[in-house]
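Hi,

Here is the structure I promised to pass on.

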Amino acid sequence: MLAAPRRHAVRWIPALFAAALVTSCGTGATASQAQEQPAAEVTVTPAAGAKSAPLGDPIAIRTEGGKITSVEAQDDKGAAVPGKLASGGTSWTSDGKVRPGTTYTLTTRTTSDGGRKATKKTVLTTAEADRVNKLTNSPGNGQTVGTGMPVSVLFDNPIDKGRRAGIEKALKVTTSPKVEGAWGWVTDYSGKDRIDWRPKTYWPAGTKVTVKGALTGVPSGAGGWFVRDYDFGFTIGADHKAVIDVPSHTLTMYENGSAVGTVKGSAGSPQAPTRGGVHTVRSKNADETMDSSTIGYGDQWMLDAKWVTHLTASGTFLHSAPWNNSIGAVNNSHGCFGMTTSDAKRVYDFLPVGSTVEVRGTSNTERTDVGNGLEVWQESWPQWQQRSALG
């Protein structure tokens, strides 16, 4: 009578293990069913598969019912498209805007709320731009320039006024040491739109300058778009300046604020007085033909000059004038400052592109337009700040 309960107890123990086994198998079935759950829904903007996706926005990927775990994006040249995944994992956005006429391939990996992992490949092609807007920057990358040099960006197509603020925000100037400055919109002497960045005061010698323009996919107006980013840098060289005193027929050179030499010359006549104010050396040419027709004097002269230092775009130069027998005695030019050949070379060698030349004592009261060369120092700092599109 005592043996029966023991047999019953023996049968109960395997039953307990069997129950545990069933519970364990049930957990395994739930995990294996994860891939049978719906995948996270992925939405791409611009629309996936579009043949002419609209411009002006970044690539945006969003998901519902799960999280994005990674995104690989590249353009049709094989370049990676950087972007950022939101902290919650529900969205990814490219760092820049889409480029016109470009095909992008996107690989998005997700995990649904139910645990299903999935990969989605998307291909989209953006619309072509009606016009591609390019820019020409000055100084050139790697140049060493004078302490008065602005950053100058010339556009090959017009910029709508309503687009200027967005373009200005996309342009960044970084300096070492830190230098205060501002962008200003200018009409170039050629009639094209231009934007310049000038420091509040002259650059400190040795300053390193980097300019970056995140312009890919930025509209410029009238069907125009930028299709690439820009990145260039330059260095500020020695502090070399010059001052022309018109009544005394002299040009004095200064290094670090101290006079280091004076030459004689002839400035503009009373009928064509030299433009006053502070000019910036915009370019130089060792040999040049001085053609009167280029500055509105018809065919009055065609003269060969050496060591030509260009100030304004309209024709204010420093140059040799071997034909002038009154150098240093009479101001008789058509607005330039003429010197002997040896003195012109001395000035040419001393003044780098970007250095400043101040003209004092001239009877010319006309203010030179900022776009007539690199004439950013013709305005005060408050006047210059008014040229910004950012208010």
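Ser320 is in strand E25, which covers residues 317-320 (strands, E, are DSSP runs of at least two residues, numbered from the N terminus). Before going further: this is a predicted model, where local features need pLDDT of at least 70, side-chain atom pairs count only at pLDDT 80 or more, and totals for chains, interfaces and linings use all residues. Numbering starts from 1 along each chain as its sequence is written, and side-chain values use heavy atoms, with hydrogens and water left out.

Is Ser320 buried or exposed? Ser320 is buried, because its relative accessibility is 2% and the cut-off for buried is under 20% relative accessible area (exposed is over 50%, partly exposed in between; 1.4 Å probe, protein chains only). Setting aside residues up to four places away in sequence, Ser320 touches Ala305, Lys306, Trp307, Met339, Thr340, Thr341 and Ala344 (contact means heavy atoms within 4.5 Å). Its side chain also reaches the backbone nitrogen of Lys306 at 2.9 Å.

Now for the other one. Ser152 sits in strand E11, residues 151-155, and is buried too, with a relative accessible area of 5%. Beyond its neighbours within four places in sequence, Ser152 has contacts that include Thr136, Asn137, Ser138 and Leu374. Thr136 is 16 residues away in sequence, with 8.2 Å from C-alpha to C-alpha.

Which side chains make polar contacts with the side chain of Ser152? Arg194 does at 3.2 Å, and Asp196 does at 2.8 Å. A polar contact is a pair of N or O atoms within 3.5 Å; within protein, one must be able to donate a hydrogen and the other to accept it, and residues adjacent in sequence count only if both atoms are side-chain atoms.

Cheers

Key. Helices (H or I, at least four residues) and strands (E, at least two) are DSSP runs, numbered from the N terminus.
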